[in-house]
Structure formats: structure tokens, C-alpha cells
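Morning, everyone. I have one model to go through today, so please look at the screen.

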Amino acid sequence: MADPISSPPRVLSAAAFLKLAASLGIVLLGCSLSWDSWPAAGALLAVTFAALAFAGFTLKALARRLALFLPVITLVAISIPLSQGFTASWMQLAGTVIIRGAVSFLAGLWLIRVLPFDSLLSTLYALRLPAVVVASLAMMHRYLFVLWEETSRLRIARKARCLGRQNRIAQWMAGIGMVGMLVIRSLDRGHRIHRAMLARGWDGHIRPWP
Amino acid sequence: MALIPAARLAPPPNTSPPPTPSPAERPQAMTTAVAIEVRRLTFAYSGGSNVLTDVSFSVSPGERIALLGPSGAGKSTLLLHLNALLPDPPPADFETDSAGVLIDGLPATAQNANPIRRRVGLLFQNPEDQLFGSTVGRDVAFGPLNLGLDAAEVQARVEQALNDVGLDEFADRDTVRLSLGERKRACLAGVLACQPGCLVLDEPFANLDPRGRRRLSDILTLFNGTLLLATHDLDAVRELADRILVLDDGRLCADGPTDTILQDKQLLTQHGLVA
Amino acid sequence: MHIPDGLLDTPVCLVTGGISLAAVGYSVHRLKDSLADRTVPMTGMVAALVFAGQMINFPVTAGTSGHLIGGVLAARLLGPWAGCLALTLVLFVQKFLFNDGGLLALGPNVLHMAVIGSLGGYAIQSAVARLAGDTIRGRVVGVVVASWITVMAAAVLCSIEFAISQATNPDFQLGRFLALMMLFHSLIGIGESLISGGVIRFVATRRPELLYHPPASSGRPWRRTLAAGLATAVVVALLLSPLASSAPDGLEAAIQHSELRAAETPSLSLFGGYDQVLGNEGWESWSVVLSGLIGTLVVFGIALVLGRPLETTPNPAPGAPRG
């Protein structure tokens, strides 16, 4: 398991590697789809949906997530006919972009469900990702939710303060202040963590431990 | 002396494989209590006024001392000096009669930083800053790993330390999902796993409920090395400390046996220790 | 700002991925000199803060809001190498924890946001800061300018990548796509300038020592000159390239003289036809120039406002305990 302070042995778990490879494989296949390859697209989507069902996703859960994702990919795709003209061929290209993006999105959902983040880091480390990258990632992961909570509290406080004035300028200034506070607090915390690491003998070398 | 932004520190001499401590430096199986000497210590952060002014005291091995003082007195700053964390970076050399900190006779220089940190275990004020591993077990293992111990010894140290603080089943628990009391004890385990000869604690009882306080106090009673405790909790002081140092506005104002100091109401009021 | 899978062709993603891998790998190598044993806690913390900071929304119109990207900000806080790694970590976590962004698209996304955004952003903002006087004011101005330029540069690069993906499609008009992208990202760039500049000013007013200070020993003036030169070239290219179409004959003649003309590689025919495309219809070139002009004017305005003299308040050192 990956950690900010110790590194796992460089042992590749076959199961984890296969899951990563399978997800990548689906994305590669999906991104090679074209407007004419309808049967292939259908088969690929069927396989992906089956895998998702097997991993425990209900149709309702999938629909909800797709509903959040589809506007994003559509916005990206629409830039094509918007700039090139709303002809059949450009609309088809836009459609292809949407399908490709959706397949990749679904493959990503599956991977996150079947491969926990720690296993992913261990697998990448076994594939020669540098220890300092894995450790920094693990440190980020460790404090991500702490910062997320702090930021949520700041946002609520801002909403409470700006309730009377929906003034955009006031909101931007408050937002800048929030990010600024986040920066100062986080950097100070980073320095304190570094000090705590030094206090227990840290010298920058990430030592291996299972 | 000042805290200098990261990039101005000298780069490490080389990037060869991690050094393992030589046999002579390896920690002893039993902890030997540590002596502290603070000699005319004066310190200011860059661009600021003095946080500590001419502080001097000595601690014999095995003594148990409480450091009292109002907020802003400089207690935390003083404690950081005991682990060669201030000044940052530590001085390169030390004249025989210089002002500064000596741990077991070792002056707090850059060269002695690691040996000092092995002898003195520092528990910081905020456990969130000190518990940076992903699980409790991995966090407690951090110190022993840095000491160069092998996997079996690290495992033994972790188990012992978790046992000492009453968190035996917590080795695989996520550090994000702990109560405050559990967090403090996990941090203490992390420090105890290094088997220091001296424990220095910065406000360990802050925000703890009575049960948490009791638990922590019991653990500290069992520690048989030197103990230095910065706290506002006068009950804990009575239980744990033989001697009290009073710090106010960066100066040492009083140094005496616990009973004497705690009976001196005028002293306590003058320095904001009682309402 | 970061693209999902599906837009760019797989070969383009793989090539940009290779470039990104090399650039980030080099950054990791250089980390040892810049942050040493502070790397893990500081990079991890800044990556987490950029991620959390991207959560804070800045309302634009009813229903839409903008967010900080944070490349130049991260570089201003940690330096180029750690800034680049921090942004890469943010993109990694966004993809592998929240399924936000494409998998193959990690290649171009890292290139746009971590490499150009942070590495390039650092180069540009140090060059500008040097020109504007190496003071806190100068650094704020540098951040403002670098934010806009890196966003625009990423938009241009993304358009080129898409054009390469469409290389087999003769009907594709890069000019029109580029125009749309540049107009859109000119506005995004303004937002990024405002937020990044405002945040750096906020931090510099209260805690100037928290900003990154490059090691004094790295006296390599030629690199800085190169960076400044590149930065200038990028700006010039962005603003003047559509105007080059006003002299299509001159350009065509120049290309005819070049021996490379005969090679007929897809990328060359792309650029060979570029000026013709822009010369045909007037609105693309005007919109590109317009986006450049708006951006430049607004960015100068922001730089002037945010770069005004700072009153620094006395403050404790980083991590100084209270009490």
C-alpha cells in the first residue's frame, strides 16, 4: 500500500495490472471508433455496461453519472460544428467525439470501482513510477479531504456573507480571499508537517516497508 | 536567526542511497534518560522582536518538568529548540561558551540534529500535522524506519508503541478517521516508537475530554525518561511534574518545585496562569 | 479547461503524452535541487490546495462559473519543477479518483496545464517580473501576464493538436477552430489572471516569505534570456500570425523557395494552407486579433490594478507556533 513516508516493495500485482490494462484497452478501442463502426461501438458499449453491472453499478447510478458527464462532452463536441459549420459530416464527427468520450468515461468509472487508489499507486510504483511521486501523491491524498472540508466551510461562510448582495465583484473578491487563505493555511501546514517529519528523523529518503 | 524560505537552504550534499546509522549510533534497546541544558537562549523570527530572551535552565536525566506560561509566552518556540528545529537552519558550529541548547552535552548544530532528534521525542500541538501516514501503523513505523531498523524490528517497535498507548487494534485504521484523543495517542505512539530518552510535549491535553486526559496522563506516568510538558492544565502538572518553569513574554520568570510554585497565587495570577 | 477523451486522435494523445512524460520526468529530477527534503510535504500540500482551490467558483453569468486552474500559482509558490509536478498530481487525482478528464487525454492535459501552465508559466512570469523590477509588485504583474499567456498558449496548442487529428480531413478549417478557441480562452485567461494575480497579491501582502525564491546560486542568465525570448515570441506569434495572412503572396513565395515545400507532410500542408484559410474569410483573423487585443488590454489593466504598491503588514514566519 502506498504511503507518504514509506514505499511498498516493487511487486506487481497481476490482478491490478490486468484491471489497469483492461481499462486502457477499452479506452483505446473506444477512441478508435468512427461514425461508420456502429456494430463495434454497440459491442464495446455492451461489454462496458456488463463490466459496470458486474462491478456493482445499478442502471440508476450510471444514468446519474452520465447525466453529469454528457453536457461536458457535448459542449466540447459542439465546438466542431460551431466552427466548421452545421453540416452532416461535422455533426457526425461531433457525435463520434461524444461516443468516444462516453466510452472512456464509463471505462474510468469501472476502473475506479475495481481498483482502489492505493493499489493503483502500488501498481504504478511497481511499473517504475519514482518513489517521490508516489509519496507526494499519497501525501496529497492524505490531506485532500482535510482541505476539502476546510474549503467547504469557507464556501458556506462566503454564501452566508454574500447573501444580501449578489454582487459579482463582491463574490469574486471573497473567492480570491478564500483561495488566498487556503494558500496561506496550507503552506503553513506543509511547513509544520515537514518539521514533524524532521523531528522523527526524516532526511528526504523514502524507505521501503511492506 | 530566521526561518528562511525553502529554496535558500543549501542543497543536500549528494543523492546516494539512504544512509543507515552506524552501529555506534543505533538506538539502544533500553531508553537512557536524557539531560538538557538551555544556555542564555535568545531567539527572534526574521523581522520580528525577540520571542525568547536569555532563557537558561538545566534538566537532569529523569526529571519531570512542566513549562507554564500564558499564550504567546514563547513555550512552543522553546520546545522547537529542543529538537534542533529552530533556528532553521541549525548553526554549523558551536563555541564552548556559546548560548544555545545542549542535549546530553551535544550542542544543537546541523551535524548533531539527527542524534538530538533521536534522543528527544517531540509531540507537536496539533496532531493533524504530525499524523501524516495513511494508516496509524504506517505512521508509527515512520520513526523506526528512519532509524534504519529492519522490517522485523520496525514491526516490533510499532506493536510495542501501540500497546503502550492503548491503540493495539488500530494499526490498519485510516488516520483520517480518528477521534482527537485517538489521534493524540497515535502521535505519541509514533514518538515512543523511536524510544527517545526524553519526551517533550506541547499542550498535549488541549481539547481533550476528561477520559482522554486521564488516558494520556496514565501513559505519561509510565514513561521513565526525562519529561518536559508545556501545558495550561494545572491538574496534570500536579500529577506529572516535580518541577515547574514559568515562561512569560519570552523570559524565564520562575523555576522551582511544583508545590512551591503552585502555592504562589500571586505568581500564578501575575503570569496569567490562573484567572 | 481540461479535455475529455474523444476529441483528439490517439496518436496525438500518445505523442503529447510522451512529451509530457519527458518534461515531468525532468521536473522530478530537478526537484532534488530545489526543494530537497521538503519535496514530499510541500508538493503534496500544494497539489491538495490547488485541487481544493479549483472547487471555489467565481460566478460569470447565471448558471456558469469559472474556476482557478492554478498552474502559474503553483509555480509562484513552489518554483517551476515542483509546480509542474503538483499540477500533474492534480490531473492524476482528478482522473483516477473522480473520473474527471480523459485517460488518453492525460497526455495533452498535462502538457497544457502542467508543462506549459506551470513550467512555461514560471519562465514567463520570472521574465516579466525581472522586467517590471524584481519586487513583489513585479511578481504579481508577472503572475497576471503569465496566467493569460499560458491559457492562450494552451488553447492554440490544443487547436493545433485537433487540426493534426483532422489532418486527413481536407475540409477542416483550422482558422475557424482556432478563432473560436482563442476567443473563448481569452476570456478564461482573463479570469485566471484576475484570480491568480489577486491570490498572489493577497499572499504577498500578508506573508511574502511564503512565495518561492529561486536559489541565488543558479546564475544562468542565458536561460532567463532564452525564456524571455520565447515568451516574447509566443506573444508575438499569437497576436501577429493572423496578420501574416494579409500578405499571403509574400508568404507563399517564401514557402515556394523553401525546399521543404516538396515534402508534403500533413503538418506542412496544414501550415501551408493556414494563411490561405485565414486570408479567405475575414472574421477569423479579426476575431483572433480581437481576442488578442482584448486580452492584452484587460491583462495590462489587471496588472496595473493588482500591481499597485503593496502595504506589507508585520507577520510571523512560516509555521511559527502561536503561544
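This is a predicted model: local features need pLDDT of at least 70, side-chain atom pairs count only at pLDDT 80 or more; totals for chains, interfaces and linings use all residues.

Residues are numbered from 1 along each chain as its sequence is written, and chains are lettered from A and ligands numbered from 1 in the order in which they are written.

Chain B has an open sheet of six strands, ordered β6-β7-β8-β3-β9-β10, with mixed pairing. Strands are DSSP runs of E, at least two residues, and helices are runs of H or I, at least four, numbered from the N terminus; two strands pair if DSSP finds at least two bridges between them. At the edges, β6 (120–123) and β10 (251–257) of chain B each pair on one side only. Inside the order, β3 (64–68) and β8 (226–230) of chain B run parallel over four bridges, with A66(B) opposite L229(B).

Next, chain C. Its eleven helices and two strands follow the pattern α-α-β-β-α-α-α-α-α-α-α-α-α. Of its 323 residues, 54% count as buried, that is, with 20 or more other C-beta atoms within 10 Å of their own, the C-beta atoms being placed from the backbone.

Last, the contact: 64 residues come from chain A and 55 from chain C. Contact here means C-beta atoms, placed from the backbone, within 7 Å. On the chain A side, α7(A) gives the most, with 23 residues.

Notes: A residue is buried if 20 or more other C-beta atoms lie within 10 Å of its own, exposed if 12 or fewer, and partly exposed in between; C-beta atoms are placed from the backbone. Two residues are in contact if their C-beta atoms, placed from the backbone, lie within 7 Å.
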